[in-house]
Structure formats: C-alpha cells, structure tokens
Amino acid sequence: MKEDRAADWLRRQGYRILEKNFRCRFGEIDLIVTKDGCLIFVEVKYRSTDSCGAPQEAVGARKQQRICNAASCYLYMHHCPPDTPCRFDVAAISGDEMELICDAFPYCGNYKV
C-alpha cells in the first residue's frame, strides 16, 4: 500500500506517524505526521511511470481544498490550538523513487492555522 511505503520512508527520516488514512465527512488525509513541533498533513501520490505526469501534479485545487477541509476537522477534533504550526506536504512516489515536497500548497480551510 502506498501510504505504508510513504510512512516507512518518513519514519526513517525522523517523522512520527500520528495517523494513516484519516477520514471525516469533509475528506481524507493519507498521513498525518509530526516533526520538529510541526503538524504535517501528507497526501501520497503514486505513479508507476511519469508517462501521465509527475505524481504531485495530481494534487489540484479541488483536492487541496478537500485536504484542507479534512485538516480543519482533524484540528478541531483534536482540540489543537489555532496557532498550531502546520503544513501540507505531498509524498510523490514514482516507480521506486520517493520525494517529499514540503509546503506543497498553502492552507485553504476554515480553521485558523
């Protein structure tokens, strides 16, 4: 499973995995991790080849909005203070290679982060 592969890679890089496949009525977040005091919402995208474009290209504006809305739900459900440091990353897996794109997109939800 692509989320497991990304989680293992992130763990080896010093990230702590908090949740996999967080779901709420607003959407889904593949991985929620933390590192250096920052809460990180990670979208995992996989492509076996680049013939259809890079994996991160599949995270368009609509998908970003759904991830941000789900992140708002997560922050609310976990009573996170409004000043909780957060970011949105994309784990792009292409064949056997993985790249983490930090701050891949800005927060566009309703919760104040």
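Before the first entry I note that two strands are taken as paired if DSSP finds at least two bridges between them, and that the model I am reading is a predicted one.

Entry on pairing. I looked up β1 and β2, and found that they run antiparallel and are joined by seven bridges. Within this pair, R16 stands opposite T34 in β2. I also noted that β1 and β2 form a hairpin, with two residues between them.

Entry on the largest core. I asked which residues of the largest nonpolar core touch the most other members. Of its 17 residues, these are I29, I32, F41 and F88. I then checked where the core comes from, and at least two of its residues are supplied by each of β1 (16–24), β2 (27–35), β3 (38–47), α2 (61–77) and β4 (86–94). The largest share, seven residues, comes from α2.

Entry on I29. Setting aside neighbours within four places in sequence, I listed the contacts of I29, which are N21, F22, F41, V42, I67, A70 and A71. I recorded as well that there is a second, separate core of 15 residues, which includes A6, C38, V42 and V44.

Entry on A92. Finally, I looked up the separation of A92 and A6, which lie 86 residues apart along the chain, and their C-alpha atoms are separated by 8.8 Å.

Notes. Residues numbered from 1 in each chain as written. Predicted model: local features only at pLDDT ≥ 70, side-chain atom pairs only at ≥ 80, totals over all residues. Heavy atoms only, no water. Core = buried A, V, L, I, M, F, W, Y, C linked by side-chain atoms within 4.5 Å. Buried < 20%, exposed > 50% of the residue type's maximum accessible area, 1.4 Å probe, protein only. Helix = DSSP H or I, 4+ residues; strand = E, 2+ residues; numbered from the N terminus. Contact = heavy atoms within 4.5 Å.
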